[in-house]
Amino acid sequence: MTVTDRTTAALPEPSSETSPGILSEPLSGVLHGPVIDWFDAHARDLPWRRPEAGAWGVMVSEFMLQQTPVSRVLPVYEQWLARWPRPADLAAQPPGEAVRAWGRLGYPRRALRLHAAATAITELHGGEVPSDHARLLALPGVGEYTAAAVASFAFGQRHAVLDTNVRRVFARAVSGAQYPPNATTAAERKLARALLPESEPVAARWAAATMELGALVCTARTPACGRCPIADRCAWRAAGSPAHDGPPRRGQTYAGTDRQVRGKLLAVLREALEPVPQVALDAVWDEPVQRARALDGLVADGLVEPLEDGTYRLPLA
């Protein structure tokens, strides 16, 4: 998962009587305090971070922020919560309305998954986002990361929350590498668990703080080490900031890909209030084989519903 600048919801303030952490005292003292203090001073004020966002607001933000920057998410998030302030409000609508409201955030299957999660929350949990990690994980469309993030950021629980930003901070500050591996490893999960403070509220704030540090300071291309609260204790800087020596980092392309064609097709369907004829979809892309492949993929993913008369619409069921 690539998350460019994910941030988190309102978190409980840590108690002054909490225990430092489960690592050795020197390392926990070196990392926890400075990073959390920096977060307290520099955290951005974003809607899903405010107390009124609630657990549903946190969950919506977590779905939207996957592989999508905050600047693009903000307007869609605010419109979404204004329209569907509770899971039951979204569940009462056809899934195609979730796809329509998703707009151009990209990866629109997330909209279907969020709709499915809202339906399960409504039917199985009385319309309230469950606080139990296992129940969160059992929701459709919710994986290990999202379950841990919602449990931590919405309910102040102690979980290792590993997105790309956090993984990069840990890789540099603790492991001495410029970048983490392309895919999350067991060693990374073990390190993240070992770095968790023992206190639940402190652990939740630590998760938020490390994520924000990776988003604003310890960035992928141009880390602002001069503004980092732990720069003088960073293993990567201490080693001379060695260049990445692992497998090549994969870049994402968009222009000319099936993703671009899918986006153009969905844009036509989102704007239409009635089913769309094939000719209207044919007009969005000149290459017929790629266009047909993209449309077939949208149908297979449940994002587009073909009708018997040859027209297409966003899904109703």
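This note describes the salt bridges of a predicted model.

1. Basis of the values. In this predicted model, local features need pLDDT of at least 70 and side-chain atom pairs count only at pLDDT 80 or more, whereas totals for chains, interfaces and linings use all residues. Residues are numbered from 1 along each chain as its sequence is written, and side-chain values use heavy atoms, with hydrogens and water left out.

2. Overall count. A salt bridge is taken as a side-chain nitrogen of Lys or Arg within 4 Å of a carboxyl oxygen of Asp or Glu. The model holds 14 salt bridges by this rule.

3. R205 and D40. These side chains form a salt bridge at 2.8 Å, N to O. Because R205 belongs to helix α11 (residues 200-216) and D40 to helix α1 (residues 25-42), the pair ties together parts that are 165 residues apart in sequence. Helices here are DSSP runs of H or I with at least four residues, numbered from the N terminus. R205 is buried, at 9% relative accessibility, while D40 is partly exposed at 40%. Buried means under 20% relative accessible area, exposed over 50%, and partly exposed in between, with a 1.4 Å probe and protein chains only.

4. E97 and R100. A salt bridge of 3.1 Å, N to O, joins these side chains. Both residues lie in helix α5 (residues 95-102), 3 residues apart, about one turn of the helix. E97 is buried at 18%, and R100 is partly exposed at 24%.

5. D232 and R233. Their side chains meet in a salt bridge at 3.6 Å, N to O. D232 is exposed, at 65%; R233 is partly exposed, at 40%.

6. A network. Salt bridges also link R44, R49 and E212 in a network.

Notes. Helices (H or I, at least four residues) and strands (E, at least two) are DSSP runs, numbered from the N terminus.
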